[in-house]
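Biologist: I have a structure open and would like to learn how to read it feature by feature. Please give me the idea and then the case.

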Amino acid sequence: PDGASHSEGGLITVEEFLPHVGYCDKSGKLIDTFFDGFLFLPYSAFNSSDYAKSLEGWQFYLDDLYYENRNMDALNQAVGTVADELRLDDYKCTVFTTIIYPPSELAGDVNAQKEAIKWLMDQEYQRFLEGGYDRLKFGGFYWYREYLATGESSEKELTQFAADYAHSLGFKIFWVPYYCSRGYSSWEEYGFDMACMQPNYMGGKKDVPNLLRMAAEKAHRYGMCVEIEAGSVTDINAIQRYMDYLAAGVKYGHMNSIKIYYQRGVPGSYYSAWQSTDPWGRAVYDVTYLYAKELLMAEAPEHTFGETEYTCSGDSVSGALEPSADEPFLVELAVSPTHGDLLLHNDGSFTYYPEEDFVGADRFAIVLNFGYAKTAEIVVNITVD
């Protein structure tokens with residue numbers, strides 16, 4: 001934010017873009033395209049700084065965006081590499097740039113704010129043209145601020161001005177409000193061509209019951225899509241929340257609409273998942289690919305199962321259920337035993353302790369949780385003799 005130098009932390013490389021542009025299977029082989037659109041936006045720490053509110057800061061952002069062999073230039077090279085390897089002669093990806101909110105010192109002067117917005121949009125588009133990016137298409141602009149100042153008459157004037165100017169250039173403008181932020185249901189009145197609701201389930205609202213369902217209902221009611229928010233790929237709880245997003249997309253239908261993904265800072269959650277040697281971390285990458293291609297199913301993947309009949313001839317019996325599938329899963333208890341206690345582990349190993357003096361049949365049931373889908377109940381029978 002101090003503008004002293006361009007940090008590699010904000011300069012995305014060709015190598016970091018490649019697993020986003022093309023999908024590589026678990027063997028490392030490039031087999032398909034992946035994401036087909038990319039939004040470049042400044043990190044929130046930059047945008048909230050005083051430096052970002054100055055002409056010098058805006059120029060720094062532009063220089064960062066069009067830095068040689070990084071960011072826009074690196075994406076163009078990555079798309080070219082993927083297109084060549086897959087023999088897709090005319091393949092291109094679409095890019096969008098950000099409209100940073102005008103500096104606060106211009107507040108009250110709507111004409112000056114409009115001039116600032118127009119200058120930034122012109123600079124972003126002209127520098128794109130000057131870059132000669134043969135594998136990229138300029139799609140339009142993103143309105144950065146995640147809420148609308150609905151109580152200020154100038155707000156609608158500014159957004160409609162930006163939208164009209166984008167349209168005059170032949171481009172679109174879109175917006176991604178946070179969950180139920182001010183003005184979210186009036187996005188069309190403000191001139192946006194598309195709006196996408198953030199559920200914020202990955203962050204502060206993660207414990208709100210039925211949040212993903214409510215976000216989907218609100219988004220569908222107002223003609224919006226729903227953003228997918230990725231987090232850590234090393235924390236199993238964060239991975240499960242991410243899988244909840246994908247499952248909701250399949251269940252409520254927004255997998256089959258415009259899809260927007262947020263994956264934290266550079267190089268991002270999907271890059272980390274692509275690199276991960278942990279099955280659950282890697283699953284974030286592979287399952288997202290299925291979701292992006294609208295191939296993800298609500299049903300659990302095919303699986304096989306080992307022995308589910310056990311005999312307890314003493315104080316306890318231990319076993320290993322040994323389920324098998326191509327995707328990672330957790331074994332979860334669905335129905336507890338009636339006549340004993342059970343210690344069950346995520347890998348399917350267990351120990352059963354019958355009630356004192358009980359003789360007869362007991363049972364418990366498990367499910368395999370693949371993150372975005374669970375199997376039907378699998379019954380395990382215990383005979384206590």
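Predicted model: local features only at pLDDT ≥ 70, side-chain atom pairs only at ≥ 80, totals over all residues.

Biologist: Which strand pairs with β4 over seven bridges?

Modeller: That is β5, residues 136–143, and the pairing is again in the parallel sense.

Biologist: How many of the residues of β4 are buried?

Modeller: Seven of its seven residues, so the strand is mostly covered, by the rule that buried means under 20% relative accessible area.

Biologist: How do I read a sheet as a whole, for instance the one with β11 and β14?

Modeller: Read the order of the strands, then the sense of pairing. Here four strands form an open sheet in the order β11-β18-β17-β14, with mixed pairing. β11 (309–312) and β14 (330–335) are the edges; each has a single partner strand, so one side of each has no neighbour in the sheet. From one strand to the next the twist averages 35°. β14 and β17 (residues 360–369) run antiparallel and are joined by five bridges. Leu333 has Ile366 in β17 as its bridge partner.

Biologist: What about the helices? Which residues of α7 are buried?

Modeller: Helix α7 covers residues 211–221, and its buried residues are Leu211, Leu212, Ala215, Ala216, Lys218 and Ala219. They span an arc of only 165° around the axis, which puts them on the same side of α7. What they pack against is β7 (194–197), β8 (225–229) and α8 (236–252). Just after the helix, Gly223 has a positive phi of about 70°.

Biologist: What covers the buried residues of α3?

Modeller: The cover includes α2 (44–47), α4 (71–85), β4 and α5 (110–131). In α3 itself, residues 55–65, the buried ones are Gly57, Trp58, Phe60, Tyr61, Leu62, Asp64 and Leu65.

Biologist: Which residues touch the most other members of the largest nonpolar core?

Modeller: Met72, Leu75, Leu136, Trp143 and Ile382, in a core of 112 residues. Another core lies apart from it, with nine residues, among them Phe174, Met194, Cys225 and Ile260. As for Ile382, leaving out residues up to four places away in sequence, its contacts are Tyr310, Cys312, Val317, Phe350, Tyr352, Gly360, Ala361, Asp362 and Phe364.

Biologist: How do I read aromatic pairs?

Modeller: A pair of rings is described by the distance of the centres and the angle of the planes. The count here is 34 aromatic pairs. In one of them, Phe17 and Phe38 have ring centres 5.9 Å apart and planes at 90°, so the pair is edge-to-face. Phe17 is in helix α1 (residues 14–21) and Phe38 in strand β3 (residues 37–39), so the pair ties together parts 21 residues apart in sequence. Phe17 counts as buried at 5% relative accessibility, and Phe38 counts as buried at 10%.

Biologist: What type of pair do Tyr261 and Tyr291 form?

Modeller: Their ring centres are 6.4 Å apart and their planes at 80°, so this pair is edge-to-face. The pair links distant parts of the chain, 30 residues apart: Tyr261 is in strand β9 (residues 260–262) and Tyr291 in helix α10 (residues 279–292). Tyr291 is buried, at 0% relative accessible area. Both tyrosines belong to one aromatic cluster, whose members include Tyr23, Phe34, Phe35 and Tyr242.

Biologist: And the backbone: what should I look for?

Modeller: Look for exceptions, because most residues other than glycine have a negative phi and most peptide bonds are trans. Arg87 has a positive phi, near 60°. Arg87 lies in the loop between α4 and β4 and counts as exposed at 73% relative accessibility. Glu294 also has a positive phi, near 60°. Its loop is the one between α10 and β10 (303–304), and Glu294 is partly exposed, at 36%.

Biologist: Which peptide bond is cis?

Modeller: The one from Val266 to Pro267, with omega near 0°. Pro267 is placed in the loop between β9 and α9 (269–275).

Biologist: Is Asp357 buried or exposed?

Modeller: Asp357 is exposed, with a relative accessible area of 72%. The residue lies in the loop between β16 (349–354) and β17. From C-alpha to C-alpha, Asp357 and Val384 are 9.8 Å apart in space, and they are 27 residues apart in sequence.

Methods:
Residues numbered from 1 in each chain as written. Heavy atoms only, no water. Core = buried A, V, L, I, M, F, W, Y, C linked by side-chain atoms within 4.5 Å. Buried < 20%, exposed > 50% of the residue type's maximum accessible area, 1.4 Å probe, protein only. Contact = heavy atoms within 4.5 Å. Helix = DSSP H or I, 4+ residues; strand = E, 2+ residues; numbered from the N terminus. Arc of directions from axis to C-beta. Pairing = 2+ DSSP bridges. Axes fitted to C-alpha atoms, helices over the stretch in contact; angles between N-to-C directions. Phe/Tyr/Trp six-rings, centres within 6.5 Å; stacked < 30°, edge-to-face > 60°.
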